[in-house]
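Dear colleague,

Please find the structure below, followed by a short account of what was found in it.

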Amino acid sequence: PNTFSAYGLLAGYYDARGDKKKRDQNIQKALKINPNERQSLQYKGEILFKLGRYGEALKCFKKVFERN
């Protein structure tokens, strides 16, 4: 896939299957195409939070709220 939406759908699919590595890879690919997309930023923030990278997660969440 080479579109933002396809990577977003793949990320959701891998998230539902519990494949964190592939989920994260697809979120990063989606963000490369559209770095300001709200849902991908939210996913990225959630992942960073779970990894204990709270400062980075907070930056993502702030960007999500700025776009609403």
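Arg23 lies in helix H2, residues 20–33 (helices being DSSP runs of H or I with at least four residues, numbered from the N terminus). With a relative accessibility of 7%, Arg23 counts as buried (under 20% relative accessible area, 1.4 Å probe, protein chains only). Its side chain makes a polar contact of 3.0 Å with that of Asp15 (a pair of N or O atoms within 3.5 Å, one able to donate a hydrogen and the other to accept it). Leaving aside residues up to four places away in sequence, Arg23 touches Ala11, Tyr14, Asp15 and Ile47 (contact means heavy atoms within 4.5 Å).

The model is predicted: local features need pLDDT of at least 70 and side-chain atom pairs pLDDT 80 or more, while totals for chains, interfaces and linings use all residues. Residues are numbered from 1 along each chain as its sequence is written, and side-chain values use heavy atoms, without hydrogens and water.

Gly45, in helix H3, is buried at a relative accessible area of 0%. Residues up to four places away in sequence not counted, Gly45 touches Ala57, Cys60 and Phe61.

The axes of H3 (residues 38–50) and H4 (residues 54–66) come within 8 Å and cross at roughly 160° (axes are lines fitted to C-alpha atoms over the stretch in contact, with angles from 0 to 180 degrees between N-to-C directions). The two helices are therefore roughly antiparallel (over 145 degrees).

Yours sincerely

Conventions: Parallel < 35°, antiparallel > 145°, perpendicular 65-115°, else oblique. Buried < 20%, exposed > 50% of the residue type's maximum accessible area, 1.4 Å probe, protein only.
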